[in-house]
Amino acid sequence: MALFRKKKSSAPELSRTQALSFKPVKNQDVKEERNNTENLLLVYPLQLKPLLADVAKRFGMWKDNHAPLKKLELDEMGKFVWERIDGNKSVKKIATEFAMEYNVLQREAEVATASFLKDLGKRGLIAFTENQIRNR
């Protein structure tokens with residue numbers, strides 16, 4: 001009897017080329033607030049599982065049937081990437097622009113950009129669409 005089982009991966013493994021071909025799209029529920037600094041503040045509804053949402057409602061965290069809001073402050077580099085998310089540019093294209101702007105190697109820009117976008121995706125701030133590439 002095995003006490004520990006390896007969790008099955010629900011998502012198929014992607015190649016580097018496939019991952020860089022995805023196009024990020026902003027969640028329309030995310031609001032941008034600009035302040036006096038160079039930073040950008042993103043305000044978005046907190047995503048809760050139904051059980052936790054029920055608890056939040058009971059304790060008054062849910063106001064006027066709206067989920068509690070979270071805030072994420074982006075620095076200059078995060079803002080640079082965020083402003084390039086338009087649903088048309090691929091991760092690779094955004095990383096290329098990042099590499100040119102900040103004078104870093106393409107590979108470093110790809111890793112940093114992909115990691116940042118993955119984090120935004122986990123928070124529900126963006127989603128990804130597939131770039132339809134066909135080998136002919």
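1. Which residue just after H5 takes a positive phi? In this predicted model, that residue is Gly124, with a phi of about 85 degrees.

2. Of the 136 residues in the protein, 29% are buried. Among contacts with a separation of 6 or more, 64% are accounted for by residues 24 or more positions apart.

3. Helix H5 (106-122) has 17 residues and reaches 24 Å from its first C-alpha to its last, close to the 24 Å expected at 1.5 Å a residue. Its buried residues are Ala109, Glu110, Thr113, Leu117 and Leu120, and, seen down the axis of H5, they fall within an arc of 100 degrees, so they line one face of the helix. Val111, Lys118 and Lys122, on the other side of H5, are exposed. The buried residues of H5 pack against H1, E1, strand E4 (69-74), H3, H4 and E5.

4. Helix H4 (residues 91-102) has 12 residues, and the 16 Å from its first C-alpha to its last is close to the 16 Å expected at 1.5 Å a residue. Val91, Ile94, Ala95, Glu97, Phe98 and Ala99 are buried in this helix, and the buried residues of H4 pack against helix H1 (16-21), strand E1 (23-26), H3, H5 and strand E5 (126-129).

5. A search of the whole structure finds three aromatic pairs. In one of them, the rings of Phe80 and Tyr102 have their centres 5.5 Å apart and their planes at 80 degrees; because this angle is over 60 degrees, the pair is edge-to-face. The pair links distant parts of the chain, with Phe80 in helix H3 (residues 76-82) and Tyr102 in helix H4, 22 residues apart. The rings of Phe98 and Tyr102, in turn, have their centres 4.9 Å apart and their planes at 40 degrees, so this pair is tilted. Phe98 and Tyr102 both lie in H4, four residues apart, which is about one turn of the helix.

6. Taken together, ring pairs link Phe80, Phe98 and Tyr102 into a cluster. Phe80 counts as buried at 8% relative accessibility, and Phe98 is buried with a relative accessible area of 8%. Phe80 also has a charged neighbour, in that the charged end of Arg84 sits over the ring of Phe80, 3.4 Å from its centre.

7. Ser90 lies in the loop between H3 and H4 and, at 14% relative accessibility, counts as buried because the cut-off for that class is under 20%. The side chain of Ser90 reaches the backbone nitrogen of Lys93 at 3.1 Å. Leaving aside its neighbours within four places in sequence, Ser90 is in contact with Leu20, Ser21, Phe22, Lys23 and Pro24.

Key. Residues are numbered from 1 along each chain as its sequence is written. This is a predicted model: local features need pLDDT of at least 70, side-chain atom pairs count only at pLDDT 80 or more; totals for chains, interfaces and linings use all residues. Side-chain values use heavy atoms; hydrogens and water are left out. Rings of Phe, Tyr and Trp (its six-membered ring) pair if their centres lie within 6.5 Å; planes under 30 degrees apart count as stacked, over 60 as edge-to-face and the rest as tilted. Helices (H or I, at least four residues) and strands (E, at least two) are DSSP runs, numbered from the N terminus. Buried means under 20% relative accessible area, exposed over 50%, partly exposed in between (1.4 Å probe, protein chains only). A charge sits over a ring if NZ of Lys or CZ of Arg is within 6 Å of the ring centre and within 35 degrees of the ring normal. The expected span of a helix is 1.5 Å times one less than its number of residues. Contact means heavy atoms within 4.5 Å. The arc is that of the directions from the helix axis to the C-beta atoms. A polar contact is a pair of N or O atoms within 3.5 Å; within protein, one must be able to donate a hydrogen and the other to accept it, and residues adjacent in sequence count only if both atoms are side-chain atoms.
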